[in-house]
Amino acid sequence: MTPYAPPLPTRREDLLNRLAEPKVYDIAVVGGGATGLGVALDAAARGFSVVLIESHDFAKGTSSRATKLLHGGVRYLAQGNISLVREALHERTTLLRNAPHLAQPLAFVMPSYKWWETPFYGAGLTAYDLLAGKAGLGKTEFLGVNETRKLIPQVASEALKGGVKYWDGQFDDARLALSLARTAAAKGALVVNYCKATQLQYEAGKVCGVLCEDTIGGRKFSIQSRCVVNATGVWVDALREKDGEANPHDGRSKTKPMVAPSQGVHIVVDREFLGGDTALMVPKTQDGRVLFAVPWLGKVILGTTDTPRHDLDREPRPFKEEIAFILEESARYLKKAPTAEDIRSIWVGLRPLVKPQVDDGENTKAISREHTVLVSRSGLVTVTGGKWTTYRAMAEDVLAKCAEKNLLETRAAGATVHLRLQGADGEGVRQSAMSMPQGAHSYGLDYPAVHALPGKGVELAPGLTEAMVRFAARYEYAMTVEDVLARRARVLFLDARLAARLAPEVARILVEETGLPPKEAEFIALAAQYTEIPA
């Protein structure tokens with residue numbers, strides 16, 4: 001077992017001074033979401049020298065906007081993609097073991113309203129169990145009407161025939177990303193948020209580093225590295241285009257985009273709409289989509305959608321039709337139908353789906369959910385696609401590709417298989433506490449360090465103390481009110497109006513801790529957007 005490492009300070013001035021030091025890194029990673037942080041951690045765990053820069057906050061984009069499910073790919077089973085399901089099941093187990101304070105098993109129920117649904121879906125989920133083998137989290141069960149109602153107290157009862165119970169995982173995505181960043185730092189990596197890559201650097205036509213800029217203070221840096229990895233999610237094509245323009249040897253006038261973004265909308269309502277700690281899953285809605293009602297941190301997440309999106313806004317907004325779809329479909333399966341007035345928060349994530357070169361990207365349901373690793377003529381390594389569950393396997397694939405192209409030497413894979421992430425407590429897989437509101441348990445073994453800070457007894461909101469805000473600033477890279485209330489504490493994603501009310505006090509504490517502008521007004525405007533219903 002990895003011994004517990006006390007939290008490392010994340011004082012920004014110290015991080016930037018390290019970034020300014022003349023050094024040739026083995027690998028420079030651009031992008032601080034799940035994929036980039038996974039690569040940084042794996043490389044650091046193998047003993048490579050690593051620097052990672054992120055233009056905004058860690059997991060600001062897609063990686064904080066997941067449906068919060070660590071799934072083995074039950075939806076891909078129907079597509080016959082057995083290898084993807086097997087990989088995801090293996091990685092799900094690894095993550096549940098290595099971050100039990102942030103990732104835990106969760107029971108799901110598929111309610112049946114037609115006589116054939118229980119045996120049909122039950123057979124598929126039994127096959128899921130067989131594929132999982134020792135990686136299974138619990139046995140699939142066929143349920144009668146009363147058992148289904150007991151597990152999902154608010155399930156619509158009219159014409160209910162029973163259901164099927166199965167197991168998957170759920171997690172806190174933004175805090176898991178933060179744990180990856182902190183674990184990578186503990187392994188020697190330099191990870192810096194709010195530092196934007198502005199240009200690639202070349203030597204003899206080969207990428208040899210990155211120029212970047214501190215977006216808070218404007219300071220500029222030159223990073224030298226043997227290998228550069230572009231892990232910027234839905235934004236990977238921007239850096240690829242810069243690489244193509246700087247590379248006359250490529251012979252193409254324009255770099256062809258490899259990502260077709262797809263938008264997923266989530267609505268958050270109070271726990272009473274589900275009534276228990278078991279998730280509800282509808283495998284096929286009226287238009288063929290999947291619907292989830294997931295208990296998470298004291299609330300319920302309803303979603304999601306799969307809509308092509310051509311712009312790449314950092315804060316994408318839902319379409320009117322998406323909100324209507326989620327509310328209307330939820331009303332078909334929940335006894336008490338949630339309305340627009342019941343919405344506590346709405347948030348949208350952009351999925352970086354890998355686009356076949358002959359595809360126009362309109363049918364995002366048909367585009368690959370698997371990841372892709374490409375190496376350009378100049379040696380720029382780009383990775384995109386995939387999902388949170390398989391971030392660790394993606395990182396191993398990236399380093400294997402770097403070795404194959406002689407950008408890095410080959411070092412044995414598997415360094416992160418048994419690497420416990422920062423704060424990991426207990427012995428691994430346990431029953432889900434993810435349905436409970438955030439609090440001390442969210443920090444795992446780090447909580448004594450939180451509790452030692454000033455303000456431990458000053459509660460700003462249930463589960464959020466002044467000490468937690470100070471910990472975010474001192475040890476978790478938090479710079480702004482949004483960093484704290486969106487991603488260290490998940491208040492913005494759970495109750496946007498409450499988040500807006502907390503902003504002034506959080507801003508006051510951050511100014512004390514960092515001396516930097518906390519961007520309070522910007523956050524209050526953002527929180528208003530998270531409750532805005534499109535007209």
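In helix α10, the buried residues are Tyr391, Arg392, Ala393, Met394, Ala395, Glu396, Val398, Leu399, Cys402 and Ala403. The description given here refers to a predicted model. Ten of the 14 residues of α10 are buried, and the helix is thus mostly covered. Helix α10 comprises residues 391-404, and at 1.5 Å a residue its 14 residues should span 20 Å. The C-alpha atoms at its ends are 20 Å apart, in agreement with that expectation. The helix is followed by Asn406, which has a positive phi, near 60°.

Helix α8 was examined in the same terms. This helix is formed by residues 236-245, and its buried residues are Val236, Asp237, Leu239, Arg240, Asp243 and Gly244. Viewed down the axis of α8, these buried residues fall within an arc of 160°, so they line one face of the helix. In general, an α-helix has 3.6 residues a turn, so residues three or four places apart point the same way.

Among the residues of helix α8 is Arg240. The relative accessible area of Arg240 is 13%, and because this value is under 20%, the residue is classed as buried. When residues up to four places away in sequence are not counted, Arg240 touches Asn230, Thr255, Lys256, Pro257, Met258, Leu374, Leu380 and Thr382.

A further position considered is Gly275, in the loop between β11 (259-270) and β12 (279-282). Gly275 has a relative accessible area of 32%; because this lies between the limits of 20% and 50%, the residue is partly exposed. With residues up to four places away in sequence left out, Gly275 is in contact with Pro153 and Gln154. Gln154 is 121 residues from Gly275 along the chain, yet the C-alpha atoms of the two are separated by 5.7 Å.

Across the whole structure, the search finds seven cavities of 30 Å³ or more. The largest cavity has a volume of about 60 Å³. Its lining consists of His101, Leu102, Arg175, Leu178, Ser179, Arg182, Gln422, Gly423, Ser442, Tyr443, Asp446 and Glu476. Classified by residue type, the lining of the largest cavity has three nonpolar, five polar and four charged residues. Among the charged residues of this lining are Arg175, Arg182, Asp446 and Glu476.

Note on methods:
Residues are numbered from 1 along each chain as its sequence is written. This is a predicted model: local features need pLDDT of at least 70, side-chain atom pairs count only at pLDDT 80 or more; totals for chains, interfaces and linings use all residues. Side-chain values use heavy atoms; hydrogens and water are left out. Helices (H or I, at least four residues) and strands (E, at least two) are DSSP runs, numbered from the N terminus. The expected span of a helix is 1.5 Å times one less than its number of residues. Buried means under 20% relative accessible area, exposed over 50%, partly exposed in between (1.4 Å probe, protein chains only). On a 1 Å grid over the protein atoms alone, a cavity is a set of points where a 1.4 Å probe fits but cannot get out, and a pocket is an open set with protein on both sides within 12 Å along at least five of seven lines; lining residues have an atom within 4 Å of a point. Grid points are joined across faces, edges and corners, and a volume is the space filled by probe spheres set on the points. Contact means heavy atoms within 4.5 Å. The arc is that of the directions from the helix axis to the C-beta atoms.
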